[in-house]
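Please consult the sequence and the structure shown below while reading.

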Amino acid sequence: MVTPAARKHVATHMIEVCHLSQRTACSLAGVSRTGYRYQSKPARDDTLRSRQKALAVEQSAYGYLLLHGILKNEGLVVNKKHTYRLYTEEGLQVRTKKRKKLQRPRQPMEVPSRVNQRWSMDFVSDQLSSGRRFRVLNVVDDFSREMVGQLVAVSITGSQVARFLSELFEDRGKPQKITCDNGTEFTSKAMFFWSQESGVKFGFIQPGKPTQNAFVESLNGKFRNECLNRHWFRSLDDAETEIMLWQHQYNNVRPHSSLNYLPPVAFARQAA
């Protein structure tokens, strides 16, 4: 692609060497006569550049739009594109801090040797027949595979999770450790202070590694396939009723292949 500046040189060559008229030379070179006669004027931005650099040093957190507002109020510039061009030429861009990736140590996958040694918990979401979404918090005992409890609600906060776990502790005692992912409900202030008060340690898995929470992930798949996918829930109460029925059937009737085809409650009773 030939630039306008190169076309001007071609037109000049034809005028000086071939002795063509300016009109003919410009027509053959593909440049307008006005563009051919135009002489660029160097921009006199020394005052603007120095003031902009001084403001950038004084207000290092300001981007070019805030600097443009100040410079415009001072009568040094009108067009913000002009400000941005000088801003980039001088390398004054504000460096934004990149969000640090969450780092977690790998969770060892030891198999528990007794009940209440380690629990796992995770969320499953579904929707009512009306289209309204709801969530279910599943808590499982990693040794007996027993569904310790399920919390059903439209929205579940960290405070609700802490309160629900405290209720489970009253029924069956507290575990040594609870494995979970890095969801905001589990990493909230409420859960942090609750963990300190209760003395229960949280084992946070590495981001993007659901296999480190394999016990509850496996349970979630069974729960969705055997309960959620088999029902239309008219209301939240209806969903809670069906889920509690499934929980009782899962814990007391359904045989578990990894437990020698015993139900979780029967296996826990046998291992006690």
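In the model, F123 stands opposite L137 in β2. The structure is a predicted model, in which local features need pLDDT of at least 70 and side-chain atom pairs count only at pLDDT 80 or more, while totals for chains, interfaces and linings use all residues. Residues are numbered from 1 along each chain as its sequence is written, and side-chain values use heavy atoms, with hydrogens and water left out.

Strand β1 covers residues 118-127, and strand β2 covers residues 133-141. Helices (H or I, at least four residues) and strands (E, at least two) are DSSP runs, numbered from the N terminus. The two strands β1 and β2 run antiparallel and are joined by 9 bridges; two strands pair if DSSP finds at least two bridges between them. They form a hairpin with 5 residues between them, and G131 in the turn has a positive phi of about 95°.

Strand β4 (residues 177-180) runs parallel to β1, with 3 bridges joining the two. Here W119 stands opposite I178, and R118 stands opposite K177. How many of the 10 residues of β1 are buried? The number is 8, and β1 is thus described as mostly covered; buried means under 20% relative accessible area, exposed over 50%, and partly exposed in between, with a 1.4 Å probe and protein chains only.

## The sheet as a whole

Strands of a sheet pair through backbone hydrogen bonds, either parallel or antiparallel. In this model, 5 strands form an open sheet with mixed pairing, in the order β3-β2-β1-β4-β5. The edge strands, β3 (147-153) and β5 (201-204), each pair on one side only. From one strand to the next, the twist averages 25°.

Helix α9 (residues 214-226) packs on the sheet and touches β1, β2 and β3; contact means heavy atoms within 4.5 Å. The direction of α9 makes about 35° with that of β1. Axes are lines fitted to C-alpha atoms, for helices over the stretch in contact, and angles run from 0 to 180 degrees between N-to-C directions.

## A pair of helices

The axes of helix α4 (residues 46-58) and helix α6 (residues 80-89) come within 10 Å and cross at roughly 70°. In this pair, L48, R49 and Q52 of α4 meet H82, T83, L86, Y87 and E89 of α6.
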